[in-house]
Amino acid sequence: MKFKNPLLTVSDMERSVKFYKEALGLRVIANFGANVTLTGGVCLQTKESWANFIEIDTNKISCSGNWGELYFEEDDFDAFAAHLSKLPDINYVHKVKEHDWGQRVLRFRDPDGHIIEVGENLKIVCKRFADLGMSEEEIAVRMDIPVNFVKKFLK
């Protein structure tokens, strides 16, 4: 068995596709009307068609939730955060913050309330710490990862 894609139900396909294009730079790779696959493997399904597939009333489907998120990593995190700040109507869960292990992240919601996290690529976090003069061992302790991961990330 092989996991293929996450699928999110959306209330307005056109609005959602526009959001994912503008906010994250994703592109449509397959468009079947009620189902759209974006780069990165994110699939969007209209609420109505998904309700039909699982034989449930659309009124019983809630698109949003606080129980999960789509997670992305970005090499140029500062540029992405600046890009996002220029878009109208971004509903932030929180703006840029740094986790205990040094990775900077931000979280926001898509038009249907699905949470999206964009984090700084962990290789970039290692490089940032190395550029500050930290040794591989110090980086491993700071990030709570094995030294061999740090060495691999810094190659």
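This is a predicted model: local features need pLDDT of at least 70, side-chain atom pairs count only at pLDDT 80 or more; totals for chains, interfaces and linings use all residues.
I then looked up the neighbouring aromatic residues. The structure holds three aromatic pairs, and one of them joins Phe-19 to Tyr-20 in an edge-to-face arrangement, with 5.4 Å from centre to centre and 85° between the planes. Tyr-20 is buried as well, with a relative accessible area of 0%. I also noted that Phe-19 and Tyr-20 belong to one aromatic cluster together with Phe-108.

Next I checked for a charge over a ring, and I recorded Arg-128 lying over the face of Phe-129, at 5.1 Å from the ring centre.

My next entry concerns helix packing. Helix 1 covers residues 13–24 and helix 3 covers residues 77–85, and I noted that their axes come within 9 Å and cross at roughly 135°. On the side of helix 1 the contact is made by Glu-22, Ala-23 and Leu-24, while helix 3 contributes Phe-80, His-83 and Leu-84.

Last, I turned to the cysteines. How many disulfides does a search of the whole structure find? The search finds zero, and I kept in mind that a disulfide is a covalent bond between the sulfur atoms of two cysteines. For Cys-43 I wrote down a relative accessible area of 8%, so this residue is buried. Cys-126 also counts as buried, because its relative accessibility is 0%.

Notes. Residues are numbered from 1 along each chain as its sequence is written. Side-chain values use heavy atoms; hydrogens and water are left out. A disulfide is a pair of cysteine sulfur atoms within 2.5 Å. Buried means under 20% relative accessible area, exposed over 50%, partly exposed in between (1.4 Å probe, protein chains only). Rings of Phe, Tyr and Trp (its six-membered ring) pair if their centres lie within 6.5 Å; planes under 30 degrees apart count as stacked, over 60 as edge-to-face and the rest as tilted. A charge sits over a ring if NZ of Lys or CZ of Arg is within 6 Å of the ring centre and within 35 degrees of the ring normal. Axes are lines fitted to C-alpha atoms, for helices over the stretch in contact, and angles run from 0 to 180 degrees between N-to-C directions. Helices (H or I, at least four residues) and strands (E, at least two) are DSSP runs, numbered from the N terminus. Contact means heavy atoms within 4.5 Å.
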